[in-house]
Amino acid sequence: MANSLRHLLRVRPTAVLIASTTAPAGPEDVIGRAMIRAGCRIERFMAPVEPGNLFLLGYKDNVPVVSAPGCFRSAKPNVVDLMLPPMLARYHVSGWEVACLGHGGLLV
């Protein structure tokens, strides 16, 4: 996984979305470890949004790398729908901004 991610990041994409079949257990999971081995800095794990609470966001240089497995199979609006537009506009979404998606303890 890390080798594939490194290979993909060489072409400097706007963003990388990882669709895995398992929910990430954080940076220690297979996806998180692959992101770290590929040189990513983990920005945020977990988001106050459902679906998408297992959102994992990292950056390799200025390229966002995202894993949010529940989102890719959900027809409901989710955290990827909220975060992808600014990422595609090359805006650096911070972990604080992801945390701010929660409104008074309620999920968006």
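Helices α1 and α2 lie oblique to each other, because their axes cross at roughly 50 degrees; angles under 35 degrees count as roughly parallel, over 145 as roughly antiparallel, 65 to 115 as roughly perpendicular, and the rest as oblique. The axes, of residues 2-9 for α1 and residues 30-37 for α2, come within 8 Å. Axes here are lines fitted to C-alpha atoms, for helices over the stretch in contact, with angles from 0 to 180 degrees between N-to-C directions. The crossing is right-handed, meaning that the near helix is turned clockwise from the far one by less than a right angle.

The model is predicted: local features need pLDDT of at least 70 and side-chain atom pairs pLDDT 80 or more, while totals for chains, interfaces and linings use all residues. Residues are numbered from 1 along each chain as its sequence is written, and side-chain values use heavy atoms, without hydrogens and water.

On the α1 side, A2, L5 and R6 meet A34, M35 and R37 of α2. These contact residues divide into 4 nonpolar, no polar and 2 charged.

The protein chain as a whole has 5 helices and 4 strands (DSSP runs: H or I of at least four residues, E of at least two). Their order along the sequence is α-β-α-β-β-β-α-α-α. Of contacts (heavy atoms within 4.5 Å) between residues at least 6 apart in sequence, 56% join residues at least 24 apart.

The C-alpha trace spans about 40 × 30 × 25 Å along its principal axes. Buried residues (under 20% relative accessible area, 1.4 Å probe, protein chains only) make up 41% of the 108 residues.

Notes
Ala, Val, Leu, Ile, Met, Phe, Trp, Tyr, Cys and Pro count as nonpolar, Asp, Glu, Lys and Arg as charged, and the others, Gly among them, as polar. Buried means under 20% relative accessible area, exposed over 50%, partly exposed in between (1.4 Å probe, protein chains only).
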